[in-house]
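The sequence and structure come first.

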Amino acid sequence: MDNENKYEQPIISFQVITDTHVREQADHIHNRHLEKALEDIATYSHGSSGIMHVGDVTDRGLPQEYQELQRILEAQGDSLPQIRYTVGNHDIGAILWGDPPLNLTTMTQHEVGEVLGHSDDVGESEIKVQNFEKPQNSISIEELWQKRLNNFTAITGMNGSYHDHWIDGYHYIFLGTEQPHPKDCDMSADQLQWLETKLSEQALPEQPIFVFLHQPLMDTVAGSMKEQGWYGVSQDAALKAILSRYPQVILFSGHTHWQLEAHRTMYEGGGQLPTMFNASSVAYLWTDEDEHLEGSESLHVDVYRDRVVVKGRNHITGSWIEGAEYTVPYPLKVNGGN
């Protein structure tokens, strides 16, 4: 058939969404954007290996927000593929962002339980605003982390802040912070060793490995330049060193909200690192001019025998974003590294 290549079907496809920032108000624009995005994704995700969420699922990790997430997902019925989740700083951080921001580390364990418990009757007006000094009887970082992570895993079904899945013959690895840092990702030596082990599992140069991490590595994708301040992995150098040994990896990150029409949506790695993608945001966007932009975007990934094609989607218009289509060939030709 002459046009066989033109109509070649991908081996697998999946979707990458991030930064949904679900709020407790059902009609909040973030929630409406997520509803619209999921309705849009349902129109082109038949046979998908799954939707991969790169974190900041909720805006503050409150029980009411998780309830809203469940309502939105249930409204979609069986129209969507399974969603797997990355932990984001808004989901598990020690600061609840708002006006004013609330510092959970200044509260007692009981007060944190009231704020982050599963009671429907804890309203925002009942949350006490504390000073940012840490009183003697305040909750410990370890207790706070466990509480935050438990709430996240209970709703998402993930088994921790890092986890992996083999789906339809491809490896999906999710990384995440192990501290309730307000903004950044702090990974343990155990997680880094786990990652090294997982990356080597049935690794082939001609087969991509997909990695998901909420915070981008410094000076890679859009929004992650050092001067912009939105990179955020404490173990940046150590993680880059591990990834540099696996050029077949494609890393997807969120956190910056940078629109897909910005420069550096794809970072090619320069022969030293794997390919990386900024996955934009479903809730709202950010620009190279450092300005907020109303909008809702995500990525769609098609995997072929010799390449991976990544396309940007505008969920407001329900259309593919012109200029946001990228091809990563396999196996990759890698320059001599360190």
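## A loop histidine

His21 sits in the loop that runs between β1 (12-17) and α1 (29-42). The model is a predicted one. The relative accessibility of His21 is 1%; the cut-off for buried is under 20%, so His21 counts as buried.

The side chain of His21 makes a polar contact of 3.1 Å with the side chain of His257. Leaving aside residues up to four places away in sequence, His21 touches His30, Asp56, Val57, Thr58, Asp59, His90, His257 and Ala283.

## Strand β9 and its burial

Strand β9 spans residues 249-253, and five of its five residues are buried, so the strand is largely enclosed by the rest of the structure.

In a regular strand, side chains alternate between the two faces of the sheet. In β9, Val249, Leu251 and Ser253 point one way, while Ile250 and Phe252 point the other way. Residues of both sets are buried.

## Pairing partners of β9

Strand β8 (residues 209-213) runs parallel to β9, and five bridges join the two. In this pairing, Ile209 is opposite Val249 of β9. Helix α7 (residues 236-243) belongs with β8 and β9 to a right-handed β-α-β unit.

β9 is also joined to strand β11 (residues 275-278), by four bridges, and this pair is parallel.

Methods
Residues are numbered from 1 along each chain as its sequence is written. This is a predicted model: local features need pLDDT of at least 70, side-chain atom pairs count only at pLDDT 80 or more; totals for chains, interfaces and linings use all residues. Side-chain values use heavy atoms; hydrogens and water are left out. Buried means under 20% relative accessible area, exposed over 50%, partly exposed in between (1.4 Å probe, protein chains only). Two strands pair if DSSP finds at least two bridges between them. A crossover is right-handed if, with the strands pointing away from the viewer, the path from the first strand over the helix to the second runs clockwise. A polar contact is a pair of N or O atoms within 3.5 Å; within protein, one must be able to donate a hydrogen and the other to accept it, and residues adjacent in sequence count only if both atoms are side-chain atoms. Contact means heavy atoms within 4.5 Å.
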